[in-house]
Amino acid sequence: MKLAVVEKYDSIIQQSDLVSRDLSWLKFNERVLDQSKKSHRNVFEKLKFLAITASNLDEFFMIRVGSLYNYLDYDKERVDYSGLREEPFKAKLMNESHLFHIAQHEHFTQVIMPELQEQGVVLCNLSKLTGKEQEKVHDYFVKAIYPMLTPMVYDGYRTFPILMNKLSVFGVVTTSPGDRQDMRKMSFVQIPANIPRFFEIEREDSLLLVPIEEVIRENIVSLFRNVKIEGISLFRITRNGDFTLEESEDMDANFLEEVKRKLMERKSGRVVKIEIEEGYSKWMLNSLLERWNLKMDSVFLIKRSSLIDFTGLWQVVGNKKFRERLPQIPDPVKPLSYQDEGIADIFDVLKEKDILLHHPYNNIDSILDLVEKAAEDPDVMAIKMTIYRLAKDSRITKALLKAAENGKHVSVLFEVKARFDEENNIREAKKLQKAGCFVIYGISHLKTHTKLLLIVRRDGGEITRYVHLGSGNYNEDTARLYTDIGLMTTNEILANDVSEFFNVITGHSMPSQYKNLITAPRDMRNQLIEYIEKEAENARNGLPSGVFIKVNSLEDSEIIYALYRASQSGVTIKLIVRGICCLRPGRVGLSENIEVLSIVGDFLEHSRIYYFHNNGDTKTYAGSADMMVRSFDKRLEALFKVESTLLEKQLMNILAYNLKDNVNAYVMQEDGTYVAKHPVGDEPEFNVHREFFSLNAENVMQVKLVD
């Protein structure tokens with residue numbers, strides 16, 4: 001399969017002042033794959049990162065490539081940041097995707113499989129098994145797999161079956177005895193998602209993993225009796241999962257039905273990618289390409305020596321036999337601002353001081369305990385929350401149900417448009433609604449991405465509002481793996497701001513301004529640009545200046561050009577951008593004073609921090625928003641100002657530590673590529689994903705970002 005030749009587009013791409021969002025995302029996934037290549041990682045860690053790249057790539061094709069096809073299929077104009085129109089950009093994107101696909105599979109076959117074998121874990125087909133082991137596999141097929149398989153034939157009399165997104169499928173070409181070749185038929189056998197990916201056979205000194213497709217391939221003839229099998233092709237399709245929800249006047253009924261309808265469309269969305277094993281039936285593939293209106297650049301070839309669908313490797317990573325071989329995360333430490341965590345009454349503490357939480361280094365239990373305590377406390381009158389993603393067995397849901405049971409007013413905005421969590425959120429929201437909670441199912445044309453909690457409590461003759469604002473979800477599962485920021489406070493200014501913002505979200509209110517919140521979609525872009533321009537003005541006047549920002553993604557062109565102008569004015573700008581970055585750092589005459597770093601390692605960097613030096617009168621914010629068009633224009637977002645000296649220094653220290661990292665850091669180059677950062681000379685290793693477990697307040701208070 002010949003890769004597309006797209007070198008002629010490279011010069012156009014490099015002339016642009018902006019980096020393509022989608023090409024930048026592929027560079028991010030390369031950094032994740034690079035984690036799987038690190039020599040200090042054992043093979044089970046390497047497997048984990050390879051599986052993550054596969055999950056990432058599936059979502060990329062469903063959403064980003066799916067979005068591109070929305071333009072191609074409906075003949076809509078789209079000019080990428082790279083300067084390319086739809087078809088040339090697709091050619092470039094598919095070429096880069098093929099190169100990444102090749103790198104994934106070469107790494108798996110040349111590095112991971114030999115290292116697995118050294119650890120006594122062997123991926124093999126049935127020919128490598130003893131006779132007794134083969135009988136065991138056959139017995140498993142007959143009893144557990146055969147009853148679940150459903151061959152679906154397609155010919156002139158039957159409609160084409162719906163093949164499910166991301167499931168492996170056997171395409172079987174058959175003819176009846178005596179039929180001409182042009183009478184051949186296609187049948188499809190989908191491998192159910194609830195069958196384990198590998199059949200495991202334990203030997204005394206090793207563990208054999210037989211891919212389930214090899215078990216089915218060996219026995220597939222039992223599904224096609226008395227016909228001639230001309231070809232068996234294993235393939236997997238990815239469908240367009242990108243959709244936009246229309247506005248709906250009836251939020252509680254029509255809107256939910258709209259979400260459900262769109263979820264159903266995902267199952268039959270247009271195919272955007274085919275992965276197929278070598279030795280495939282050319283007649284079948286050509287038929288599929290014609291049916292799905294695809295070209296060969298959408299076909300990704302899998303060698304028989306490799307494996308289709310690396311997401312199945314999670315079965316190996318999660319095997320209890322290997323659990324101890326994955327690095328153990330240190331136990332969480334007490335927050336610097338809450339050293340009496342677990343001892344003092346949280347309500348009493350928050351009346352005296354603010355608490356900053358930095359997950360996973362600090363436990364999310366402090367937030368969960370606050371909600372659970374509020375649910376039981378007879379003095380708590382109301383609980384209001386925004387929810388974007390929850391754990392499957394969520395303590396938050398249980399606490400809110402308990403609060404409603406105890407007669408408290410409970411208001412919850414459930415964002416049912418949280419991608420791939422829509423069904424779970426609808427289910428959880430209905431539980432709360434049945435219990436008497438006031439539930440809002442998002443806002444039709446906006447996603448509610450901000451993370452807010454407000455607890456209203458009687459304290460004697462007074463009313464105290466307890467507030468939590470964060471960068472991450474109220475999800476105890478991901479809080480162990482994602483780095484996030486959370487602020488707990490009774491500060492009246494923030495409490496007023498949050499109360500006003502809840503009125504915006506749940507009712508019809510337009511506050512003239514907030515004091516310590518910056519919100520989207522109305523103010524955030526302009527406010528951030530104003531802060532950037534103030535730094536530029538200070539630099540031009542010979543005053544100290546500096547912009548230090550940590551986000552997941554940087555894509556908004558207005559913000560990027562404001563940063564370019566500030567760089568040209570002499571402002572030092574240091575950006576920590578984990579994923580997509582459409583800004584070009586270090587370009588002569590444009591961005592010489594801008595550095596961009598990406599941190600990719602054991603934890604997923606999810607916190608957002610914004611620091612503006614402001615000639616010593618610093619402005620430091622954290623919150624839910626990245627610097628993306630969708631964050632500024634299509635989402636309800638909030639950044640909150642941190643004023644306590646200790647807490648502000650903690651946020652500054654997070655920025656400083658990230659910039660100091662030489663283990664997980666990659667430095668972005670002017671052409672959009674990245675170079676791994678390593679210790680220089682005798683410089684010791686500095687790994688942020690370990691250093692935050694040993695912080696002390698004395699060191700934090702000494703941090704400086706601008707001299």
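Predicted model: local features only at pLDDT ≥ 70, side-chain atom pairs only at ≥ 80, totals over all residues.
Is Lys 166 buried, exposed or partly exposed? With a relative accessibility of 35%, Lys 166 counts as partly exposed.

**Nonpolar cores**
- The largest nonpolar core holds 105 residues. Phe 235, Ile 274, Trp 292, Leu 554, Leu 563, Leu 575 and Leu 583 have the most contacts inside it.
- Helix H3 (residues 43-73) supplies the largest share of this core, with 13 residues.

**A covered helix and a buried aspartate**
- Helix H6 (residues 212-219) is mostly covered, as seven of its eight residues are buried. The buried residues are Ile 212, Glu 213, Glu 214, Val 215, Ile 216, Arg 217 and Asn 219.
- The cover over the buried residues of H6 includes helix H5 (131-145), together with strands S3 (168-175), S5 (198-202), S6 (207-211), S7 (228-239) and S8 (271-277).
- Asp 297 sits in the loop between helix H8 (282-292) and strand S9 (299-302). Its relative accessibility is 19%, so Asp 297 counts as buried, the cut-off being under 20%.
- Setting aside neighbours within four places in sequence, Asp 297 is in contact with Lys 90, Met 94 and His 98.

**The H12 and H13 pair**
- The axes of helix H12 (residues 395-405) and helix H13 (residues 422-434) cross at roughly 15 degrees and come within 9 Å. Because of that angle, H12 is roughly parallel to H13.
- The crossing of H12 and H13 is right-handed.

**Cis peptide bonds**
- The bond from His 359 to Pro 360 is cis, with omega near 0 degrees. Pro 360 belongs to the loop between strand S10 (355-359) and helix H11 (365-376).
- The bond from Ala 520 to Pro 521 is also cis, with omega near 15 degrees. Pro 521 is in the loop between strand S18 (517-520) and helix H15 (524-540).

- Lys 166 is not a glycine, yet its phi is positive at about 70 degrees. Lys 166 is placed in the loop between strand S2 (152-154) and S3.
- Asp 75 has a positive phi near 55 degrees and is likewise a residue other than glycine. Asp 75 lies in the loop between H3 and helix H4 (86-118), and at 72% relative accessibility it counts as exposed.

Methods: Residues numbered from 1 in each chain as written. Heavy atoms only, no water. Core = buried A, V, L, I, M, F, W, Y, C linked by side-chain atoms within 4.5 Å. Buried < 20%, exposed > 50% of the residue type's maximum accessible area, 1.4 Å probe, protein only. Helix = DSSP H or I, 4+ residues; strand = E, 2+ residues; numbered from the N terminus. Contact = heavy atoms within 4.5 Å. Axes fitted to C-alpha atoms, helices over the stretch in contact; angles between N-to-C directions. Parallel < 35°, antiparallel > 145°, perpendicular 65-115°, else oblique. Left-handed = near helix turned anticlockwise from the far one by under 90°.
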